[in-house]
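Student: Hey, can you walk me through this one? I'm new to it.
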Amino acid sequence: MYLIETEDNVGFLTASYIKNRIETFVSTKSKPYFVLALPTGGTSVDLYRNLVKFHQEGLSFDKVVTFNLDEYVGLPENHPESYHSFMAKNFFDHIKIQKEQINILNGNAADLYKECANYEEKIKNYGGIDLLIGGIGQNGHIAFNEPESAFDSSTRVVNLTSNTIAANARFFNNDISLVPTRALTVGLGTIMNAKEVIIMATGPKKAQALYHAFEDKQSTAWPVTVLQKHPRTFIIADKAAAAEISKTTKQNYGLCSFIN
Ligand code: F6R
């Protein structure tokens with residue numbers, strides 16, 4: 001796991017890396033599709049803004065399939081705060097991509113367990129995730145893998161913690177009672193199987209989670225710590241999010257740019 005600390009261009013750096021990976025993939029054509037896993041949430045808005053800009057400048061998604069990390073259970077797909085709506089509004093409505101290339105968990109499936117098993121299977125059939133982009137919760141969650149999630153968990157139904165429900169209330173008129181309490185999420189095992197992982201972290205509210213990510217021992221209390229053993233994880237953080245990480249740790253784990 002590596003730390004890339006940057007002023008305020010977390011979204012731009014992440015989008016640039018995705019662009020580079022897609023373009024390299026297209027030039028080598030080792031398999032039919034580049035498999036890209038994508039998050040939602042406030043931090044990712046700037047990432048999608050930059051990716052849409054790159055698309056307008058010529059970046060093609062023709063050879064990319066996407067898998068979103070998670071979706072609420074029981075929220076209608078067309079609800080403005082569903083992750084289906086978020087992705088359409090911030091990304092998919094602005095790029096040329098076939099519906100069949102987009103995968104988002106269906107939180108209204110009649111059989112949620114089957115939905116999760118099929119999702120996991122579909123990822124495998126595409127040859128696994130090439131690049132997974134995530135955000136991080138204040139409690140250290142990655143996707144909706146809340147504290148105490150098993151490190152080898154796969155895609156499944158989860159209960160959201162009160163911390164996450166409170167943090168997400170800002171998207172539901174600050175009314176906690178409107179925030180769904182369950183979600184479908186890829187597992188920590190699914191994330192660990194991705195060839196590369198980028199976690200974006202911005203703002204002071206993420207500082208404690210990043211402290212645990214880099215300074216603490218691996219523990220299910222802080223799900224992000226699972227990534228300590230992932231060989232190609234880059235955590236891209238702004239100064240505020242990286243504020244609690246010691247100078248020594250920054251020297252040990254810090255990079256000024258991505259490793260190629
Ligand atoms: C969303 C997701 C979550 C968020 C995290 C950070 O798909 O997987 O793990 O990335 O909660 O959310 P923001 O960016 O809103 O702080």
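Tutor: Let's go through a sheet, a helix and the cysteines.
Tutor: This is a predicted model, where local features need pLDDT of at least 70, side-chain atom pairs count only at pLDDT 80 or more, and totals for chains, interfaces and linings use all residues. Residues are numbered from 1 along each chain as its sequence is written, and side-chain values use heavy atoms, with hydrogens and water left out.

Student: Okay, in what order do the strands of the open sheet come?
Tutor: The three strands run β4-β8-β7, with antiparallel pairing. Strands (E, at least two residues) and helices (H or I, at least four) are DSSP runs, numbered from the N terminus. Two strands pair if DSSP finds at least two bridges between them.

Student: Why is one side of β4 and of β7 left without a neighbour?
Tutor: Because β4 (70-72) and β7 (156-159) stand at the edges, each with a single partner strand.

Student: How many bridges join β4 and β8?
Tutor: Three, and β8 covers residues 182-185. Tyr72 sits opposite Ala183 of β8.

Student: Switching to α7, which residues are buried?
Tutor: In α7 (residues 207-215), they are Ala207, Ala209, Leu210, His212, Ala213 and Phe214. Buried means under 20% relative accessible area, exposed over 50%, and partly exposed in between (1.4 Å probe, protein chains only).

Student: And what do they pack against?
Tutor: β1 (2-6), β9 (196-201), β10 (233-238) and α8 (247-253). Contact means heavy atoms within 4.5 Å.

Student: Is Cys116 buried or exposed?
Tutor: Cys116 has 2% relative accessibility, so it counts as buried. Cys256 has 79%, so that one counts as exposed.
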